Amino acid sequence: MIPLAFDYEVAESVDHAIELLGQHGEEAKLLAGGHSLLPIMKLRLAAPTVLIDLGRLSDLSYVRDEGDHLAIGAMTRQCDLERDQTLQEQCGLVAYTASLVGDPSVRHRGTIGGSVSHGDAASDLPSALLALDATFTVRGSNGERTVAAGDFFQDYLQTVLEPDEVLTEIRVPKLNGAGWSYKKFNRRAQDWAVVGVAAVVERSNGSISSARIGLTNMGSTPLRATAAESALAGADPSSVAEATGSADEGTSPSSDIAASAEYRRHLARVLSRRAVEEALSR
Amino acid sequence: MRRIQMTVDGRAHVAEVEPRLLLLHHLRENLGIGGVHAGCNTTSCGACTVHLDGESVKSCTVLAVQADGHEVTTVRGIMDNGLWHPMQQAFHEAHGLQCGYCTPGMIMASISLLKEKPNATEQEIREGLEGNLCRCTGYENIVKAVQLVQQHSNGQAQPAS
Ligand SMILES: Cc1cc2nc3c(=O)[nH]c(=O)nc-3n(C[C@H](O)[C@H](O)[C@H](O)COP(=O)(O)OP(=O)(O)OC[C@H]3O[C@@H](n4cnc5c(N)ncnc54)[C@H](O)[C@@H]3O)c2cc1C
Ligand code: FES
Ligand code: FES
């Protein structure tokens, strides 16, 4: 269980990382916490010839209050998200979801930037960020661009990141009065989600004004439950069960050792109801 | 090969390593620290748990080069002047082990857990140790050992009246 040999470079800055990516081409990979990349390299499912370590870029580890939103540096570890008071108060969904990732030792290494860039549909933070309408700041040799979470995830482990681009920052809105929830369903301690559901619900005058629902492990990318979202918009809280009955519409979950596709669809509906109900109670 | 320098159990070590060398293997094979156990090698069992800058990590999923310039503590380095660490003492007293394979990792994860959550509830202790598997004890006595450390340190903080 050791990776194939590779060369190792330490990035001294984001620009240096971009330069190194440019020099080494598509065979190079960025290394953040290494808790997705190293396991697949050990299994020889990935064999980059160069690793560019972002681990020294402590200036990419932060949570900042920027008025109506919070800015999170890509190298902020999951354990830092979990403990961060500003996040807990202003965008509890991110802090809470981070606390459900793997186990404490995983969260001491794994970063939010790695969770997003890896593009794993079974990963918890991406669907929460999707439900939050987060935006991602990405920098490459052609300069900086901002990508909406909804446009970022393309296919199984594929994102819009170009080979020479680095994700530098994640921006999430302050939730103010909106309710939130994340429901992760798994069978054993420390497992990945069989299905997970993130919900952000806004209320006005006793009814639901809008609901945004992100789905974990319901297809090749993190997804939004758009049909259920439309059914919830303007709905009375008493009709949540009915409205979330369409939460699996438009999804294409896989069947595997943990669950059948049909069971995943069932879970998506049930967990969406529970998540929206919990969000309404917050 | 790459030159790295790290402090392991209080002593500085310099080595020339291949970038793909895992911290686990560096500690066991280059530094001879057999107390760092290799279990699953797939980040699942926690037998290889050590502290990196005071926080628990699974050393089978950290490259030795990533620990360059950092401080590593293994189960070998937690004794103080020949005396067991309170967590070791508690595992002994509460019989928190049988075969002992998971124990070094379990102890390192437990120390890290109480550092972050000194007043962890029983549920929080169980969740805090979810990355460490034990095939022998059924976990009951491991949880009791961690609680014993909590009781002892609360006792110390509040002098007996
Ligand atoms: C035992 C175990 C259990 C786990 N359980 C869960 C779980 O329950 N839920 C969950 O969501 N995750 C889980 N994970 C995954 C974990 O959260 C990873 O840490 C995370 O997915 C990747 O973050 P990282 O910093 O480790 O990234 P790395 O592994 O270093 O990188 C992952 C990928 O992203 C790229 N990358 C990293 N950072 C950047 C960047 N800034 N810009 C561009 N590209 C970048 C890398 O090149 C690589 O391709 C688990 C992992 C393990 C080992
Ligand atoms: S050997 Fe590292 S987690 Fe099992
Ligand atoms: S004591 Fe044997 S595995 Fe834990």
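This briefing walks through a ligand site, some strand pairings and a salt bridge in the structure above. Keep in mind that the model is predicted. Ligand 1 sits between chains A and B, and 31 residues surround it. Chain A also holds an open parallel sheet of three strands and an open antiparallel sheet of four.

**Around ligand 1**

- Who are the closest residues around ligand 1? They are Leu30(A), His35(A), Leu37(A), Thr111(A) and Asp124(A).
- The largest share comes from α7(A), with five residues.

**Polar atoms beside the ligand**

- Start with the backbone: an N or O atom of Gly34(A) is 2.7 Å from an oxygen atom of ligand 1.
- Ser115(A) also uses its backbone, with a polar atom 3.5 Å from an oxygen atom of the ligand.
- Ser123(A) brings in its side chain instead, where a polar atom lies 2.9 Å from an oxygen atom of ligand 1.
- How much of ligand 1 does the protein bury? On its own the ligand exposes 970 Å², and the protein buries 95% of that.

**The three-strand sheet of chain A**

- A bit of background first: strands in a sheet pair through backbone hydrogen bonds, and they can do so parallel or antiparallel.
- Here the strand order is β1-β3-β2, the pairing is parallel and the sheet is open.
- Going from one strand to the next, the twist averages 25°.
- Four bridges link β1(A) with β3 (residues 50–53) of chain A in the parallel sense.
- To find this pairing in the model, look at Asp7(A), whose bridge partner in β3(A) is Val50(A).

**A hairpin in chain A**

- Strands β4 (residues 63–66) and β5 (residues 69–73) of chain A run antiparallel and are joined by four bridges.
- Asp65(A) has Leu70(A) in β5(A) as its bridge partner.
- Two residues lie between β4(A) and β5(A), which form a hairpin.
- In the turn, Gly67(A) has a positive phi of about 85°.

**The four-strand sheet of chain A**

- This open sheet has the order β11-β12-β13-β14, with antiparallel pairing.
- At its edges are β11 (179–185) and β14 (223–224) of chain A, each of which pairs on one side only.
- β13 (residues 207–216) of chain A and β14(A) are antiparallel and share two bridges.
- Leu215(A) is the residue opposite Leu223(A) in β14(A).

**Salt bridges**

- Side chains with opposite charges can pair when their charged atoms come close.
- Over all chains, the count of salt bridges is 30.
- One of these salt bridges brings together the side chains of Arg83(A) and Glu116(B), at 3.1 Å from N to O.
- Why does this pair join two chains? Arg83(A) belongs to helix α3 (residues 78–83) of chain A and Glu116(B) to helix α3 (residues 103–116) of chain B, so the pair links the two chains.

How values were computed: Residues are numbered from 1 along each chain as its sequence is written. Chains are lettered from A and ligands numbered from 1 in the order in which they are written. This is a predicted model: local features need pLDDT of at least 70, side-chain atom pairs count only at pLDDT 80 or more; totals for chains, interfaces and linings use all residues. Side-chain values use heavy atoms; hydrogens and water are left out. A residue is near a molecule or strand if one of its heavy atoms lies within 4 Å of it. A polar contact is a pair of N or O atoms within 3.5 Å; within protein, one must be able to donate a hydrogen and the other to accept it, and residues adjacent in sequence count only if both atoms are side-chain atoms. Accessible areas come from the Shrake-Rupley method with a 1.4 Å probe; for residues, only the protein chains shown count as cover. Two strands pair if DSSP finds at least two bridges between them. Axes are lines fitted to C-alpha atoms, for helices over the stretch in contact, and angles run from 0 to 180 degrees between N-to-C directions. A salt bridge is a side-chain nitrogen of Lys or Arg within 4 Å of a carboxyl oxygen of Asp or Glu.
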